[in-house]
Amino acid sequence: MASAAENGNVEPPRSALIFLGTGCSSAVPNALCLIQPSDPPCHVCSQSLSIPPNLNPNYRCNTSLLIDYCGSEGEHKYILIDVGKTFREQVLRWFTFHKIPQVDSVILTHEHADAVLGLDDIRIVQPFSPTNDIDPTPIYLTEHAMESIAVKFPYLVKKKLNPGQEIRRVAQLDWTTIENDCTKPFVASGLKFVPLPVMHGEDYVCLGFLFGERFKVAYISDVSRFLPPTEYHISKDGAGQLDLLILDTLYKKGSHNTHFCFPQTLDAVKRLCPKRALLIGMTHEFNHHKDNEFLKDWSTREGIPVQLAYDGLRVSVDL
Ligand SMILES: [Zn+2]
Ligand SMILES: [Zn+2]
C-alpha cells in the first residue's frame, strides 16, 4: 500500500490522548458489589461477568492518561499521567491495542494509591537490564508526593546499594520536583505542562495539568474545589477557552468531601465553558450508554458537548 507521502498527501503530525483508565480508586466492577450482590444486583458490575472488558465501557481501571505527543520533527514521545494500582493491566490491554512501545516520561497528580501504586511496574515498560544499567525515565511530582513515595517505595528512590547488598532489578526513575503553582510550568518529553493545583478534600492539594499550544487540554482527575488561579487558567472568561476539559466525577448524586460528583462536575463545565468535556473517575453508579444518552440531551441544551470517557478511548489532537 502506498504511503500518504507517496500519494502526495502529507498528513500533519498528529498527537493523541489515550485514556488508559477512567474509573475510581476501587475501579469498576466494584469487587464488593460482586461478592456481596445487592438485590436486585448492580447492573454495571454484574455485566462485567459476562461481557469481556474490551467490549464493556463500564469496565474502568484507575484514572490515567497517556499522551502520544508528536513533536515538530514527527517523532513520537509517550507521556504517562499517573501509575495506579491497575497499571500493569492497562499496559497489557491498551499499550498492545494502540501500539505504544514505551513510556518516555511520567507525571504524577498526587501520591494516593490509585495514582502511584503501579510505580514498581514501570520496569515492565523499560529496557531489560539485570544490572539496572539503563537510562532512567524522567518522573515529575510535587515535593509532598516525593516524600510519600520515598516511604512507599524506598528502593525506587535510593540510588546507592549498601555494602554487601545484591543488585536486584527495579524500575529506574529520574525524579524532578514540580510546584503547586500555575505560574511554574515544566517540560516533559518536549511538551510544556502548567500545574493546576486543586483541592482534593479541604486538607489536600492535588495537581491537574494544562497542556497543548494549538489545542488546549486540561486534565483534572481528583478535585473537590477549584482554587481561583486554577479556575482563571482554564476558564473561557479567564485565560481563554479550553479545547478539551477532562474532569473528575465520582458519584451520580449528591456531593463528596474529596471529589466532584455529577452535579458539581456539570456546574464546573458550564462555568469553565470548554469547547468539549470528557468525564473520568466514575464509580459503578455510572452506566456508560445510559448516562451518555442523558449527557447528549444536556449537551444540546447547554451547547457544550460532554460525554463519559471510557478505558481505551483515543482522541486525536494537534498539540
Ligand atoms: Zn456495582
Ligand atoms: Zn486521590
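Let's start with contacts along the chain: among those between residues at least 6 apart in sequence, 70% join residues at least 24 apart. Two residues are in contact here if their C-beta atoms, placed from the backbone, lie within 7 Å.

A word on what we're looking at. This is a predicted model, where local features need pLDDT of at least 70 and side-chain atom pairs count only at pLDDT 80 or more, while totals for chains, interfaces and linings use all residues. Residues are numbered from 1 along each chain as its sequence is written, and chains are lettered from A and ligands numbered from 1 in the order in which they are written.

Now the overall picture. The protein chain has 9 helices and 15 strands; both are DSSP runs numbered from the N terminus, helices being H or I with at least four residues and strands E with at least two. Its radius of gyration is 20 Å, close to the 20 Å that the globule rule gives for 319 residues, so the chain is as compact as a globular protein of that length. That radius is taken over C-alpha atoms, and the rule is 2.2 Å times the number of residues to the power 0.38. Along the principal axes, the C-alpha trace spans about 65 × 60 × 50 Å.

How much of the chain is buried? Of the 319 residues, 42% count as buried. The cut-offs: 20 or more other C-beta atoms within 10 Å of a residue's own make it buried, 12 or fewer make it exposed, and in between it is partly exposed, with C-beta atoms placed from the backbone.

On to the sheet. There are 7 strands in an open sheet with mixed pairing, ordered β6-β5-β4-β3-β2-β1-β15. Two strands pair if DSSP finds at least two bridges between them. At the edges sit β6 (173-178) and β15 (314-317), each pairing on one side only. From one strand to the next, the twist averages 20°. Helix α5 (residues 143-152) packs on this sheet, touching β5 and β6, and its direction makes about 115° with that of β5. For those angles, axes are lines fitted to C-alpha atoms, for helices over the stretch in contact, and values run from 0 to 180 degrees between N-to-C directions.

Let me zoom in on β5. This strand is mostly covered, with 5 of its 6 residues buried. On one side, 2 bridges join β4 (residues 105-107) to β5 (residues 137-142), and these strands run parallel. V106 stands opposite I139 there. β5 also runs parallel to β6, joined by 6 bridges, and T177 in β6 is the bridge partner of L141.

Next, the core. Which members of the largest nonpolar core touch the most others? Of its 81 residues, they are F209 and A218. By nonpolar core I mean a set of buried Ala, Val, Leu, Ile, Met, Phe, Trp, Tyr and Cys residues joined through C-beta atoms within 7 Å. Leaving out residues up to four places away in sequence, A218 touches L196, G208, L210, I234, L242, L245 and I246. In soluble globular proteins, nonpolar side chains tend to be buried together.

Helix α8 (residues 262-272) is worth a look too. Its buried residues are F262, Q264, T265, L266, A268, V269 and L272, and they pack against α7 (228-234), β12 (244-248), β13 (277-280), α9 (288-302) and β14 (306-308).

Most residues other than glycine have a negative phi, and most peptide bonds are trans. A27, in the loop between β1 and α1, has a phi near 65°; with 23 C-beta neighbours inside 10 Å, A27 counts as buried. K99, in the loop between α3 and β4, has a phi near 55°, but K99 counts as exposed, with 8 such neighbours inside 10 Å. There are cis peptide bonds as well: V28 to P29, with omega near 5°, and D39 to P40, with omega near 0°. P29 lies in the loop between β1 (15-21) and α1 (31-35), and P40 in the loop between α1 and α2.

Last, the annotation. UniProt, in an unreviewed entry, lists residues 78-281 as "domain: Metallo-beta-lactamase"; positions follow the numbering used here, feature names are shortened, and annotations may be inferred rather than shown by experiment. Over residues 78-281 the chain is 23% helix and 26% strand, with the end C-alpha atoms 22 Å apart.
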